[in-house]
Amino acid sequence: MAEFIAYLIAGIATGAIYALAAIGFTLVWQTSQTINFAQGEFVMLPAVLVLLAIKLLGAPIWLGALIGIAAFILIFGVGFKLAVVDPMIRHGVLPLAIATMALSIIMKEGAKDGFSAEAQNFPSFVPTQTIEVFGAAISLQHIAIIACAFAVIGLLQWFVGGTKLGRQMQATAQNPMVARILGIPVERMVLLTFVINAALAIVASVLISPIYLAKFSNGEVIGLFAFIAAIVGGFNQVRGALVGGLVVGIVDSMAAAYISTQYRLAVPLVLLVVIILLKPEGLMGRKEERRV
Amino acid sequence: MTAPATRSDLSPSPRLTRLPGLGMIDGTFLTLAIGAAILWFAPVGMGRYGTYVLSLWLVMSIAVMGLNLTLGYAGLKSLAQAAFMGLGAYTTAILTTKFGISWYAAFALSGLLTFAVGILLGFPALRVKAHYLAFVTLAFSTLIWLILRNEQWLTGGVFGISNINRPDFFGIKLFGALEFHRFVVVVTFILAVALWWLIRSPWGRAFTALRENPIRAASLGIDTRAYTLLAFAIGSAYAGFAGALYAPLVEFIDPSPFSLSQSFFLLLMVVAGGAGYLLGPFVGALLGVVLPEWLRFAGSLYLIIFAAIVMLLLIACPQGVSGLMERGWAKITGKRGDAR
């Protein structure tokens, strides 16, 4: 039982990371039809940029973090929207999706060549201790991840549902045409979702990197699980991606513990196929969310 | 080159109405035949390595051709072309080294297996929405990678399989680089012509109709699901064929060339060459496989440069290099043939 609780907490922690990535992915998809295949690299890169800023400028951690985060928001929030999505979307969804694959290669290889091919330590803001809860050894880092991720997701949920700006954004996601007629600055709202996506990626990156270490290839698994989380949960704003992320995280953790460490990746994949077969709109999705 | 029917094809442009006609299509066949003839003699005096690079180019072209059918003609994103290629390569390697089955049988089985797996993967995904195929193939890609690495007893794990024999051709041994290259030229030619024929056939027309306007295609009585599924499965089978040639060409296989990144890379090659152009894959593979071999000093930077170029191409000319050449040709002949 104690073991089970430990795995459960670990699963929720990684699940929260997947949820952060999946929420950003879903937001961007809904507002701009951008299927961002570089989403995993979006989570990999902020930590690398922070370490790079510290290494190159000799800056203290806080300054390095500030520079790295600002650079990421600027390049992969605003810049991604203006330089990649805007000129590409007029050619259609397919070229844009392929462009994000090209972007993922550039980000991954760039991190490998420009930073390091080896995994690097990333400073943790909580001690790497474990505490005993009901006889289970639980890492403080996992607790911190869960707390931070849920705080951020709660904040986002409040922003989307409770503020005027957030409601405008939601309207844009659900129906851009009507939103435009209602006088909502659709373009600016779409840009906002890209900035939020970048911000969520930063949070995920800073939370996961102390555990996974900062490495150029981290994005592969995180990206894959973010996509699975988004589909399993259903493309239904924040809620679906959150549930999807947690389900995938817990399934992954349990699979590693009780089925096979080698094939832990395979179990969420099976989950994906089962969901697509039985409930293609996702666990939380309503039938037919999107216009054609 | 068979030009993809773009939106402006609907506008009454005298040149474009003639472009996809019979003359142009025979030009494609002619180009294939002349290209095969040149490549048959090309490696003379090029040395083992140069010959190897040329053969590799053709083998990758086969995989890109298959993906071009999936992406360029049927408009589907498959993120598992490298995984399918791996499936073919390992099937061939295992069957020929461990069971002593002839390469030809292994080649056919590799194609058959990848075709069947394509149907199995595509069926549930395409039942929902076309872009679900992207995620299912993404998952499949990872799964194949796991199996190749973990099932040591079958695949040799990270050490791979070595000593893969090259086949012989009616008693003629193809162990030499040049002999095997010529064999690859012949197989590539046959597969390219088969695809050329397929695209021209009513089936091929149905594929193109699907990409251009799926709703209209459906209303015209085309069973869209069956055709997209078929396009994906045939595209995957081409990856299997490519893998079956790749294994004896390299004579040693390990999981690394069949990773997810490679699948992304193959997609970029399709786009770089020109999605929906029959000869596009050869251009794409040239840029993606041969050029980095010549520009070895660039190392892994080449991947970044290549990806960046593809992104620029996507912005400026989504029809890729083939599209650019078509535009250039239209400029030279002084006719308005601009695709968009």
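I take contact to mean heavy atoms within 4.5 Å.

**Entry 1: ground rules.** I am working with a predicted model, in which local features need pLDDT of at least 70 and side-chain atom pairs count only at pLDDT 80 or more, while totals for chains, interfaces and linings use all residues. Residues are numbered from 1 along each chain as its sequence is written, chains are lettered from A and ligands numbered from 1 in the order in which they are written, and side-chain values use heavy atoms, with hydrogens and water left out.

**Entry 2: B:Ile253.** I looked up the neighbours of B:Ile253, leaving aside residues up to four places away in sequence. B:Ile253 touches B:Ala89, B:Tyr90, B:Ala93, B:Gly160, B:Ile161, B:Ile164, B:Tyr246, B:Ala247 and B:Phe258.

**Entry 3: the interface.** I find 40 residues of chain B in contact with 41 residues of chain A. The area buried between the two chains (accessible area, 1.4 Å probe, lost on being put together, summed over both) is about 3700 Å², and carbon and sulfur atoms give 78% of that area. On the chain B side, the elements giving two or more residues are helix 5 (103–128), helix 6 (132–150), helix 12 (260–273) and helix 14 (301–316); helices here are DSSP runs of H or I, at least four residues, numbered from the N terminus. Helix 6 of chain B supplies the largest share of this side, eleven residues.
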